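I opened my notebook to get to know a new structure, one entry at a time.

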Amino acid sequence: MEKKEKFYITTAIAYTSKKPHIGNTYEIILTDAIARFKRQQGYDVFFLTGTDEHGEKIEQLANEAKIPPKQYVDSVAKEIRDIWDLMNTSYDKFIRTTDDYHEETVQKIFKKLYDQGDIYKGYYEGLYCTPCESFFTETQLVDGKCPDCGREVKQAKEEAYFFKMSKYQDRLLKYIEDNPGFIQPESRKKEMINNFIKPGLQDLCVSRTSFKWGIPVDFDPKHVVYVWIDALTNYITALGYKCDSKDDLYKKYWPADVHVIGKDIIRFHTIYWPIMLMALGEELPKTVYGHGWYLFGEDKMSKSKGNVIYADYLVKKFGVDAVRYYCLAEMSFAQDGSITYDAIINKYNSDLANVLGNLVNRTVSMIHKYFDGKIYLPTDEKDVDKELKSSIAIIADNVESNMNKLYVADALNEVMNIARKCNKYIDETEPWVLGKEEVTKERLKTVLYNLVESIRILSILLEPFMPETATKIQKQINANELAYETVKTFGKTQEGKVGEAVPLFARLDDKKVLEEIHNEISVEKKLATVEDEKVNVITIDEFEKVQLKVGQVLSVEKVEKADKLLKLEVDLGTEKRVIVSGIAKWYNESNLLNKKIVVVTNLKPVKLRGIESNGMLLAAGEEDVKLLTIDGDLPAGTNIH
RNA sequence: CGCGGGGUAGAGCAGUUGGCAGCUCGUCGGGCUCAUAACCCGAAGGUCACAAGUUCAAGUCUUGUUCCCGCAACCA
């Protein structure tokens, strides 16, 4: 490629609340594959990643751990960066939102938006109960009084800064419609337009006074900048955007070509972020790609379910490139992916050991066996050879077009098709027959040459996905021509000698490995729960604050316009109460009526969907929820202790 | 009737502008021996969710029904 175009690609910044699991790690691997591919093609790539380190949650976690927030985020940020490095990702910069240059610029941006009138000081308006120090909405009040303590409330206001989103919504809508590639996958586009933009954007609250761990608003220091302006702006501060001036890096790389993010934050990247950029007078990113999540089988990964898979553990078991391969190959565009240990082993064996590893191994072994490791130039061309070459040329084109559409899994699968094609070519040409007699050995030279050359091309196309493996292959076949353009010109391999034949991926014994994993994770799980329970110890006094009683369900009714809510009337002996609960997915009138259940009776009432709920039911489970019931018979109203 | 996506072989998925229903894994049978019990070939397996319509022709277009998923709402 003669002319080097720039290509700026980013991941979302990872929140430093806890160690990232494989689902979070997928994003950096995915982005890395795209970045490496673009570099290979000659683009001048800048690849940014980093960490999002402020917020109330981190303040709390640090408090619990009894360390300063900065110390807390330092250690998690390091853990995150170590995993990114372990995954062999080629980011050019790792930004932390606690970096001083970032904090400085965020303050300037906030000030600028305030000065030009896009951010204004407003109020959370509401009814305030002074003793309870909380705000309530009209619907939350009980008989016009504080639902907490029953005292009078008064109209009050709390300061907050708001961003005038509505001002830019027409421009945003036009941009989205004029740039069909902006939101990827496309199905998300309608979601954003219909759910948020068309109904009219609400002004966004961009500051908080309820916690301290954030970037202070410099002209009003009791406020800290809330996550939107703090986190999203990393994409420009990292390049040296300074509000009043801009570094060369920024001038060169902005706007971003692709923001790779999880599907859960598409809204922030396709609505708030572009509007912030418009307000700053900067260009908008070209593409925002919201990828799917890795699920454990069909379930969400969650610590409480004990099904969290971590990248570093997988690397220990299978190696970096096998993990990269699985993640990249198994997530199809615009969908969620599924990851289980079983599936990883299966894919490892069938794709990496059998198809790819074995191909390289058998080819290099044959060259040693028949020609003492020497590669000869081809002397003739038969139809099978032509067919091999044309297949590879088509595959190379497919890889490129798929990558350009961000169809990474499809691209990688195409690369593997080269190996499949080669295995077939071996069978068709039967080198072991050609090797038997001197007259056919001439033909054998050509066959083996074609294989080595095909493998060379394969290794180049494999680089973005599995860089280490690509290098290992190139070493074994002793390839020198490694430029991307040469994948399109079959025949670049020169005479020479191949290296030693070393298996790339040793076949795994699935039963043995699964058993090993099973043992290891059950030990880890036990350690983790023990630790969890130690941290959250409460005293008997604290527990007794919660008042529990036996309740009997008198009536059940579905709450309109809410698919999770049931309205229950519950007999508590001395009184009957209405409780609204989010269990409609699992319970209905027929399996709930007359049941004796456990009720929290001294919980602050809330209005849910307009109905006042006085208490809470106890239930267990996440995907499948079961209510706690009473063993045996006790009258409604019995105290639980 | 809040908005959107989807239902294709046992599993996971592809199928672009209508033109012989495909890929990977798994199962069964065969071949081969260079290679990591690897590789290659063949077979079985489909009412393309259901129903109606347009058309010479529908997985593909239209309408209705149904189920699943996402967003929103809402779950303490």
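**Entry: a first look around**
I noted at the start that this is a predicted model. I looked up the make-up of chain A and found 21 helices and 28 strands. Of its 641 residues, 50% count as buried. I then turned to contacts between residues with a separation of 6 or more, and residues 24 or more positions apart account for 74% of them.

**Entry: domains**
I looked up how chain A is divided, and the assignment gives domain 1 (340–497), domain 2 (510–541) and domain 3 (546–640). I also checked the centres of domain 1 and domain 2, taken over C-alpha atoms, and they are separated by 45 Å.

I went back to α18, which covers residues 467–476. Its buried residues are P467, T469, A470, I473, Q474 and Q476. I wanted to know what they pack against, and I found α1 (22–40), α12 (320–330), α13 (341–371) and α17 (438–462).
I placed N478 in the loop between α18 and β18 (496–497).

**Entry: another positive phi**
I looked at E430 too, a residue other than glycine whose phi is positive, near 45°. E430 is in the loop between α15 (408–429) and α16 (431–434). With a relative accessible area of 37%, E430 is partly exposed.

**Entry: S454**
Is S454 buried or exposed? I found S454 buried, with a relative accessible area of 0%. S454 belongs to helix α17. Leaving aside neighbours within four places in sequence, I listed L388, I392, I418, C422 and F490 as the residues in contact with S454. I also looked up S454 and A584, which are 130 residues apart in sequence and, C-alpha to C-alpha, 58 Å apart in space.

**Entry: α2 and α3**
How do α2 and α3 cross? I found that the axes of α2 (residues 56–65) and α3 (residues 69–86) come within 8 Å and cross at roughly 100°. The two helices are therefore roughly perpendicular to each other, because angles of 65 to 115 degrees count that way. I58, L61 and A62 of α2 make the contact with P69, Y72 and V73 of α3. By class I noted 6 nonpolar residues in this contact, no polar and no charged.

**Entry: α5 and α10**
I then looked up α5 (residues 169–178) and α10 (residues 266–280), whose axes are 10 Å apart and which pack at an angle of about 110°. That makes α5 roughly perpendicular to α10. Their crossing is right-handed. I traced R171, L172 and I176 in α5 meeting T270, I271, P274, I275 and M278 in α10. This contact has 6 nonpolar, 1 polar and 1 charged residues.

**Entry: cis peptide bonds**
I looked up the bond from Q184 to P185 and found it cis, with omega near -10°. P185 is in the loop between β8 (183–184) and α6 (187–197). The bond from W254 to P255 is cis, with omega near 5°. I placed P255 in the loop between α9 (248–253) and β13 (258–262).

Notes. Residues are numbered from 1 along each chain as its sequence is written. Chains are lettered from A and ligands numbered from 1 in the order in which they are written. This is a predicted model: local features need pLDDT of at least 70, side-chain atom pairs count only at pLDDT 80 or more; totals for chains, interfaces and linings use all residues. Side-chain values use heavy atoms; hydrogens and water are left out. Buried means under 20% relative accessible area, exposed over 50%, partly exposed in between (1.4 Å probe, protein chains only). Helices (H or I, at least four residues) and strands (E, at least two) are DSSP runs, numbered from the N terminus. Contact means heavy atoms within 4.5 Å. Domain bounds come from an automatic or database domain assignment. Axes are lines fitted to C-alpha atoms, for helices over the stretch in contact, and angles run from 0 to 180 degrees between N-to-C directions. Angles under 35 degrees count as roughly parallel, over 145 as roughly antiparallel, 65 to 115 as roughly perpendicular and the rest as oblique. A crossing is left-handed if the near helix is turned anticlockwise from the far one by less than a right angle, and right-handed if clockwise. Ala, Val, Leu, Ile, Met, Phe, Trp, Tyr, Cys and Pro count as nonpolar, Asp, Glu, Lys and Arg as charged, and the others, Gly among them, as polar.
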